[in-house]
Amino acid sequence: MTEEGTPVEVWERISEAGIRVMRIPTPFQVGRVNTYLLEDDPLTLVDAGPNSGKALDELERQLEALGHRIEDVELVIITHQHIDHLGLVDIIAKRSRAEVAALDLLVPFVENFGSDAERDDEEAAALMLRHGISEEVVRALRQVTGSFRAWGSKAHVTRPLHDGETVTLGHRTLEVQHRPGHSPSDTLLWDADRRILIAADHLIKHISSNPLISRPLDGSGERTQALVTYLGSLKETRELPAQIVLSGHGEPITDHRSLIDERFAMHQRRAEKLYGLIADRPQTGHELAQALWGDVAVTQAFLTLSEVIGHVDLLVNAGHVREVEDGEVVRYEATSERSAGELGDLIPGGNPALGRV
Ligand SMILES: [Zn+2]
């Protein structure tokens, strides 16, 4: 196994499984998104790319190179709610009359895409202001978010999927696994016979999947602890005897357990680093983000704040940090004189990599 690139044998196994990867361009920093064509009965597309002419052109071209047309697609499965994955679903479904499958929890979001936009924006704005981001940046970010929505689209879901159910195609059985954290709707497709997992953005080889703060899909008002949720989901994925994990971006993963262990170690380190900053002096989430990443571009402000809040949740849950109201904003402060090195394991329920030594 080489560091860069994926060995030929791995691509051969993917191809023998009747899985074709199509890399569709996106206007986002993440670059291309992987969509997967399962050459099976029905002909199944997992994710579709963002809603843009360029993405549609490329999808058509790449499908054609594989001997298919959009009109041939019979089933589209959506892995999660992000627009780089679901934007083209509606166009494809209308042209092909394909069934559209998505996790039951995700159905209202997809069918009403954008209708809650105002409420989403208001809640995100309130959260950002509360954590010390300036009104000016919040206003600018709101415009960016609004324009990004054009790359998404509504779609009609004809087949709601339930966590734990199996989707049976002619030549494979896929178990549906709800593994929230990166988004509230992350859905994995597990082929136990082939030991191949389609994981979308739940696990990506070259970047850690940021646990973005999002509104709960069940409509409850409570902010979910995205990183805490994510780490719990990763533990479940770690237990799967997968040989190949196919991600929403980048290369296939052939050693998911050690990659997940690297992620646990990284989140532990990041939480310790944040603790060190907080122990120096009480700070807002935004000040902490700036200390870690400097003056981030406006578009990254919500993302980096999500990262900070996710890790501070670990510290607050473990009792090392508390939130203190300071006028309009909230600051974090340490609850004791402990040093970052004395915090112990911060992974909720214990880091499984440490438990097995
Ligand atoms: Zn995503």
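**Reading a predicted model, term by term**

User: Which residues does G49 touch, leaving out those up to four places away in sequence?

Analyst: G49 touches I24, V33, T35, I83, D84, H85, L86, G87 and L88. Keep in mind that this is a predicted model. G49 itself sits in the loop between β3 (44-46) and α2 (53-65). As for V33, it is 16 residues from G49 along the chain, and their C-alpha atoms are separated by 6.4 Å.

User: Why is G49 called buried?

Analyst: Buried means under 20% relative accessible area. G49 has 0%, so it is buried.

User: What about T79: how do you know whether it's buried or exposed?

Analyst: Same cut-off, under 20% for buried. T79 comes in at 2%, so it counts as buried. You'll find T79 in the loop between β4 and α3. Beyond four places in sequence, T79 touches V46, D47, H85, S185, D186, T187 and A200.

User: What makes the link between the T79 and H80 side chains a polar contact?

Analyst: The pair of N or O atoms has to be within 3.5 Å, and neighbours in sequence count only if both atoms are side-chain atoms. Here the side chains of T79 and H80 are joined at 3.0 Å, so the contact qualifies.

User: H80 again! What makes it a donor of the zinc ion?

Analyst: The protein donors, H80 (NE2), H82 (ND1), H182 (NE2) and D201 (OD), lie 2.2 to 2.4 Å from it, so they pass. In sequence, their spacing is H-x1-H-x99-H-x18-D. H80, in the loop between β4 (75-77) and α3 (83-86), and H182, in the loop between β8 (172-178) and β9 (187-191), link distant parts of the chain, 102 residues apart. Both H80 and H182 are buried.

User: How do you know the length of helix α9 fits its residue count?

Analyst: At 1.5 Å a residue, the 25 residues of α9 (256-280) should span 36 Å, and the end C-alpha atoms are 36 Å apart, so the two agree. Buried residues in α9 include H256, L259, R263 and F264.

User: Which residues touch the most other members of the largest nonpolar core?

Analyst: Among the 52 residues of that core, these are I19, L45, L59, I78, V89, I92 and L246. A second, separate core has 46 residues, including A125 and I347.

How values were computed: Residues numbered from 1 in each chain as written. Predicted model: local features only at pLDDT ≥ 70, side-chain atom pairs only at ≥ 80, totals over all residues. Heavy atoms only, no water. Core = buried A, V, L, I, M, F, W, Y, C linked by side-chain atoms within 4.5 Å. Buried < 20%, exposed > 50% of the residue type's maximum accessible area, 1.4 Å probe, protein only. Donors = N, O, S within 2.8 Å, 3.2 Å for Na, K, Ca; no water. Helix = DSSP H or I, 4+ residues; strand = E, 2+ residues; numbered from the N terminus. Polar contact = N/O pair within 3.5 Å; in protein donor to acceptor, adjacent residues only side chain to side chain. Contact = heavy atoms within 4.5 Å. Expected span 1.5 Å × (residues − 1).
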